[in-house]
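Me: I am new to this structure and would like to go through it slowly, asking at each step what a term rests on. Please set each value against its definition before concluding.

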Amino acid sequence: EPLVQVKKLSKYFQISKKETLKAVEDVSFDIYKGETVGLVGESGCGKSTTGRCLVKLYEPTKGNVLYKGKDIFDSKKNSEKLEYCKNTQMIFQNPYSSLNPRMTVKDVVGEGIRLHEKISEKNLDEKIEDLLKTVGLNRDHMSRFSHEFSGGQRQRIGIARALSVNPEFIVCDEPISALDVSIQAQVLNMLKKLQKERGLTYLFIAHDLSVVKYISDKVIVMYLGTIVEQANAVDLYKNPMHPYTKALLSAIPEADPKIAKSKQRIMLKGEIPSPINPKECCRFVERCTYAKPICHEAIPKLKTYDDNHKVACHLF
Ligand code: SF4
Ligand code: MG
């Protein structure tokens, strides 16, 4: 059984009487214990909104999120709610805005621990010291304020905070995209190492396919609120099917000059259309070079092909 099951999830925001922003539309996928699922797409495609529904920061408009078979929005028992909050954590994109600058590191990291267990001040200090060590910081950092730290250090504090309650599942919402390129790999490696050591399960959100390639077992590509393709990471990179995935892949810089020479960059025409009152057709149609008449008339369904490779496109 999957650890997390997302079933026909939709999240709408009512902008005005006539305008509905359909941020996420009919999205379904499973996440198994210990794996990393990469969720990729340009900004505004609904990936953060999906992630936020999974940690209960948003309530879905339609659909369900199950954790170990139980609907996370259905539980009425407080103990179950608290248990879910403990098991599921989020690492945010912006380490500058996600940490309260006036809180000490001890308070930031200790907040969740205090909420979930009775603990003496001495044991709390020891626990926080351990957590800080785990993320490459130390005891001396405990009494300092988060605004005193660099972006990379702040994200380490954010990771320590997420780990503080021993979660099983972490939604990482573009955890490295706001960081200097020089420290992105460090943080990514740390997340990988932590996953191995602690058996963590990740939903890893990113806006380009190069980052998730390194960390994901499975990759989901979203476009304008919908899933356009989903596959094992190896299959997706070797055999991308959806025209949008192909375009995203072609944008990844190639280190090997031999391959780079033969690689053609697919330029997408136009801009991402507005997710407000989207048309009932393929949402990629205005930008797709393969569009056929049917693409303007019907929403392509996500269908499964070989080896659990799923794609939503009328070409197949
Ligand atoms: Fe392009 Fe049509 Fe496929 Fe949409 S359904 S991606 S418009 S070919
Ligand atoms: Mg986002």
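Predicted model: local features only at pLDDT ≥ 70, side-chain atom pairs only at ≥ 80, totals over all residues.

Me: What makes both faces of strand E6 count as covered?

Reply: A residue is called buried if 20 or more other C-beta atoms lie within 10 Å of its own. In E6, residues 88-91, Thr 88 and Met 90 on one side are buried, and so are Gln 89 and Ile 91 on the other, which leaves both faces covered. In a regular strand the side chains alternate between the two faces of the sheet.

Me: How do you know that E6 and strand E7 pair?

Reply: Pairing requires at least two bridges found by DSSP, and E6 and E7 (residues 169-173) have four bridges, in the parallel sense; therefore they count as paired. Within this pair, Ile 91 stands opposite Cys 172 in E7.

Me: Why are E6 and strand E11 called edge strands?

Reply: The open sheet of eight strands runs in the order E6-E7-E8-E3-E9-E10-E12-E11, with mixed pairing. E6 and E11 (303-304) each pair on one side only, and are its edge strands. Helix H5, residues 151-163, packs on the sheet, touching E6 and E7, and its direction makes about 175° with that of E6.

Me: What makes strands E3 and E8 a pair?

Reply: Against the requirement of at least two bridges, E3 (residues 36-40) and E8 (residues 201-206) have five, in the parallel sense, so they too qualify as a pair. Here Thr 36 stands opposite Tyr 202 in E8.

Note on methods:
Residues numbered from 1 in each chain as written. Chains lettered and ligands numbered in written order. Buried ≥ 20, exposed ≤ 12 C-beta atoms within 10 Å, placed from the backbone. Helix = DSSP H or I, 4+ residues; strand = E, 2+ residues; numbered from the N terminus. Contact = placed C-beta atoms within 7 Å. Axes fitted to C-alpha atoms, helices over the stretch in contact; angles between N-to-C directions.
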